[in-house]
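Here is a short briefing to read alongside the model on your screen. Have the sequence and the 3D view open together as you go.

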Amino acid sequence: MGDMAAFIQGLPKAELHVHIEGTFEPALMFEIAGRHGVTLPYASVADLAAAYEFGNLQEFLDLYYQGMNVLIAEQDFYDLTWAYLQRARAQNVLHTEIFFDPQAHTARGVAFTTVVDGISRALDDGRETLGISSRLIMCFLRDKSAAEADAALDQALDHRDRIIGVGLDSAEIGHPPAKFRDVFARARAAGLRTVAHAGEEAPADYVWQALDDLGVERIDHGNRALDDDALVERLARDGIALTMCPLSNLRLRVIDDMRRHPLRALMERGVRVTINSDDPAYFGGYVNENFRAVQEALSLSKAELAAIARTSFTASFLDQADKDAFVARLDAHAASA
Ligand code: ADE
Ligand code: ZN
């Protein structure tokens, strides 16, 4: 391992943007399908992996929703989450804030409780046996109605002890944040934290809406913010962190070349940025592969990488004492490099 790769591997970090259903590796998908006697429309693990060629977000989402159809039992959600936690821990991810898409499961007749219980049991075991800290964020599917989001929020409030916040994902264009103003207001009133995917494929206006109509604390992706100077200033002034996902952006053709990724330009203008994996089973890498890809393409220094990792902790939903403890570990690593 090269010096920079070793530095990235050893860097204590938090992951703030990962969809648990997007960590579903082909081998585990075949195993769980087999358990339920379901036949996947692919002859082998290699055939399935070879189908992961995407022209845009929607082409990915079609396979993503198809893949998760084999998740049925509580143990399936446990196994999915446990596999991710082991990989995260091996990459020195010390804290992770995981998204899940309950509407994609309840629409298939899987109970909300089955999903939350399976994921949560793995998170508890991860805390105890791997020492990995975690939180769970429920995402609303923006291509479904506001009324359906309301129903999902009601269910989340029945599991309030397990769910720290809400987010907004799925097909972006044509489904602006403002459509979910009321349900986000209700979530905030209930004390939930808030984030939203915005400016991944859709223009900067969607980022403004996420801030002004939804009141979110972080923006997931936010690539297109760079098109709008006033928005960049707003993000910098208010300290709104972006959870960026470089390999996802490349694979979904949000960017055509990693050297044109907006992360560095945003950081230089004072915006808080983090590096995350989004849907690592589909996009060819977990957090460290994302760090390495963007480091090489944008020639980021160790100090810049450490600053990004520091932001991953300070922009998390941990309490201040936990943030301070993680940042101290990070600073010790950066100082010894
Ligand atoms: N769901 C899973 N990954 C997503 C992404 N990158 N954008 C929107 N919705 C998603
Ligand atoms: Zn995402």
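The points below cover the ligand site and then the aromatic pairs. Please keep in mind that this is a predicted model.

**The shell around ligand 1**

- Around ligand 1 you will find His19, Leu57, Phe60, Leu61, Tyr64, Asp169, Ser170, His197, Glu200, His221, Asp278 and Asp279.
- By type, this shell divides into four nonpolar, four polar and four charged residues.
- Helix α4, which covers residues 57-67, gives the largest share of the shell, with four residues.

**Polar contacts and burial**

- Asp279 places a polar side-chain atom 2.7 Å from a nitrogen atom of ligand 1.
- For His19, a polar side-chain atom lies 3.3 Å from a nitrogen atom of the ligand.
- His221 also has a polar side-chain atom by a ligand nitrogen, at 3.4 Å.
- Ligand 1 taken alone exposes 260 Å², and the protein buries 100% of that.

**Aromatic pairs**

- Searching the whole structure turns up 13 aromatic pairs.
- One of them joins Tyr52 and Tyr282 in a tilted arrangement, with 4.6 Å from centre to centre and 40° between the planes.

Methods
Residues numbered from 1 in each chain as written. Chains lettered and ligands numbered in written order. Predicted model: local features only at pLDDT ≥ 70, side-chain atom pairs only at ≥ 80, totals over all residues. Heavy atoms only, no water. Near = heavy atom within 4 Å. Polar contact = N/O pair within 3.5 Å; in protein donor to acceptor, adjacent residues only side chain to side chain. Areas by Shrake-Rupley, 256 points an atom, 1.4 Å probe, with all protein chains shown as cover. Helix = DSSP H or I, 4+ residues; strand = E, 2+ residues; numbered from the N terminus. Nonpolar A, V, L, I, M, F, W, Y, C, P; charged D, E, K, R; others polar. Phe/Tyr/Trp six-rings, centres within 6.5 Å; stacked < 30°, edge-to-face > 60°.
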